[in-house]
Amino acid sequence: MKILDTLKYTPNHEWLQLEGDEALVGVTDFAQSQLGDIVFVEVETVGEILEKGESFGTIEAVKTVEDIYLPVSGEILEFNEALNANPELINKEPYEGGWVVRIKVTNPSEVASLLDAVAYEKHVAESAH
Amino acid sequence: MKNTAFTKFHEELGAKMVPFAGYNMPVQYEGLIAEHHTVRKGVGVFDVSHMGEFWVKGPKAFDFVQYVTSNDVAALFDGKVQYSCFPNGKGGIVDDLLVYRVNEVTYLLVVNAANIDKDWAWCVSQAPKFGLTVGKELYNASDEIAQLAIQGPLALKAMQKLTDTSVEDMEYYTFKKLTFAGVKDVIFSTTGYTGSGGCEIYMANKDADNIWKAVFEAGEEFGIKPIGLGARDTLRLEMGFCLYGNDINDTTSPLEAGLGWITKFNDKKEFVDKAFLLQQKAEGLKHKLVGFELIDKGIPRQHYPICNAEGTHIGEVTSGTMGPSVNMAVGMGYVPTALSKADSEIYIEVRGKLLKAKVVKLPFYKG
């Protein structure tokens, strides 16, 4: 299972990659492996300003559906349209082509509350039991 | 939680294991969609050892099976299999099952894993009417028998390598007792719940290791792969086959579930709920189980409400998925009879939104 040192994580298995005052948000390699084959990603919150922890969309695997939550408060700037035709990008490259939304971070101090790679790895190890 | 005779192979192969009906079962190996396509296009192997098997034997065996099941056992001949259900005496269904006729005094009933205890209790409760001795003439062999479903267009060709008895030319829903991979008295049945052909084989637990290995060796040149419960569900759903616990249960009528074809009102056949079901048929069905395709984008899931164009709840989704072969979101559910015809417009409520769908004829997958 891949965990990148350069990203921040939530206990709910989302990742965040900070780029100035914007960030990319997706779900982790662990999350996609638990979901299985992803067949549909729905994000209808582009343009909305959401709080940290609010659901901004859903990911549907063949057998299950999960909400995706915002790691930090922000405005949803863009949905990764490539996921419309190829939702399996999340399975194949969860940290690259499988990013889900780009956001404008409205409260940068919240980033410090996210897990780093080491803490997230520990969290995954614990939740696997 | 019980293991099957094949559990160690699933674990060695790195399958994702889940508790299912009290058994430790593989839900997927390489991935659900890939496994689904393996069965549609080639050959895949399911461990279905969790299924239950009851033997019914003796001079009253026929009368018993004819009474407890809805289909006409008189239509069977030696070596023939029949899909059927146990009506529950209250208009619902105890379980759906397969009935095997070995000979006129020997029948094998194959039932769902989740219902073994309930089915057994039900059969035991009916046994005294026919003077069957429980433990002898009515015998629960579920813990002694291992079972594999080898499914797909290449399944019979691959399995023919393991037996001298001809199996490639077997009719659908028939079976033979034969020597398979050197093991005597294996039941080889051209059944399965995928819609892609193939067979199901029944063996004693002690022979499971050898047969598993032989099946994968014989199938290697055909690209044989192990398949999990996840793909089993998408394969059966694309065919519109009912899953007990989803589409049928103790409260659903076999007629409303579209199982009229296995509910036979012959003069000679007395069976549980015959009068009730005849009356229901005469009065007309209020609801019917239908298949539907989603027109709007989304995926229907079990228990999502089904609505009419006005948004009024008219039913509930009983099964739903993205169908990997039909490449569409499809589902089944009960709707009022007036909306059960093909092309009827219905709506599925998905997280507060009404998504447009249309009723279609089953199966979704036409092969």
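Student: Is Lys177(B) buried or exposed?

Tutor: This is a predicted model, in which local features need pLDDT of at least 70, side-chain atom pairs count only at pLDDT 80 or more, and totals for chains, interfaces and linings use all residues. Residues are numbered from 1 along each chain as its sequence is written, chains are lettered from A in the order in which they are written, and side-chain values use heavy atoms, with hydrogens and water left out. Buried means under 20% relative accessible area, exposed over 50% and partly exposed in between, with a 1.4 Å probe and protein chains only. Because its relative accessibility is 52%, Lys177(B) counts as exposed.

Student: Which residues does Lys177(B) touch, leaving aside those up to four places away in sequence?

Tutor: Lys177(B) belongs to strand β10, residues 175-180 of chain B, where helices (H or I, at least four residues) and strands (E, at least two) are DSSP runs numbered from the N terminus. A contact means heavy atoms within 4.5 Å. With residues up to four places away set aside, Lys177(B) touches Asp185(B), Val186(B) and Ile187(B).

Student: Which value does phi take at Ala181(B)?

Tutor: Ala181(B) lies in the loop between β10 and β11 (183-189) of chain B, and with a relative accessible area of 28% this residue is partly exposed. Its phi is positive although the residue is not glycine, with a value near 55°.

Student: Where is Arg351(B) found, and what is its phi?

Tutor: Arg351(B) sits in the loop between β18 (345-350) and β19 of chain B, and its relative accessible area of 38% makes this residue partly exposed. Here too a residue other than glycine has a positive phi, near 45°.

Student: Which three residues supply 37% of the area that chain B buries against chain A?

Tutor: The contact takes 19 residues from chain B and 16 residues from chain A. Chain B and chain A bury about 1,400 Å² between them, 48% of it on carbon and sulfur atoms, where buried area is the accessible area (1.4 Å probe) that two parts lose on being put together, summed over both. The 37% share of what chain B buries, more than any other three residues supply, comes from Lys297(B), Arg301(B) and Arg351(B).

Student: Which elements of chain B do the buried residues of α2(B) pack against?

Tutor: Helix α2 spans residues 32-41 of chain B, and its buried residues are Leu32(B), Glu35(B), His36(B), Thr38(B), Val39(B) and Arg40(B). An α-helix has 3.6 residues a turn, so residues three or four places apart point the same way. The buried residues of α2(B) pack against β2 (23-28), β3 (44-47), β9 (145-151), β13 (225-226) and α7 (229-238).

Student: Which peptide bond is cis, with omega near 0°?

Tutor: The proline concerned, Pro363(B), is found in the segment after β19 (353-360) of chain B. The cis bond runs from Leu362(B) to Pro363(B).

Student: What is the radius of gyration of chain B?

Tutor: Chain B has eight helices and 19 strands, and buried residues make up 59% of its 367 residues. The radius is taken over C-alpha atoms, and the globule rule is 2.2 Å times the number of residues to the power 0.38. Because a compact globule with 367 residues would come near 21 Å, the rule agrees with the value for chain B, 21 Å.
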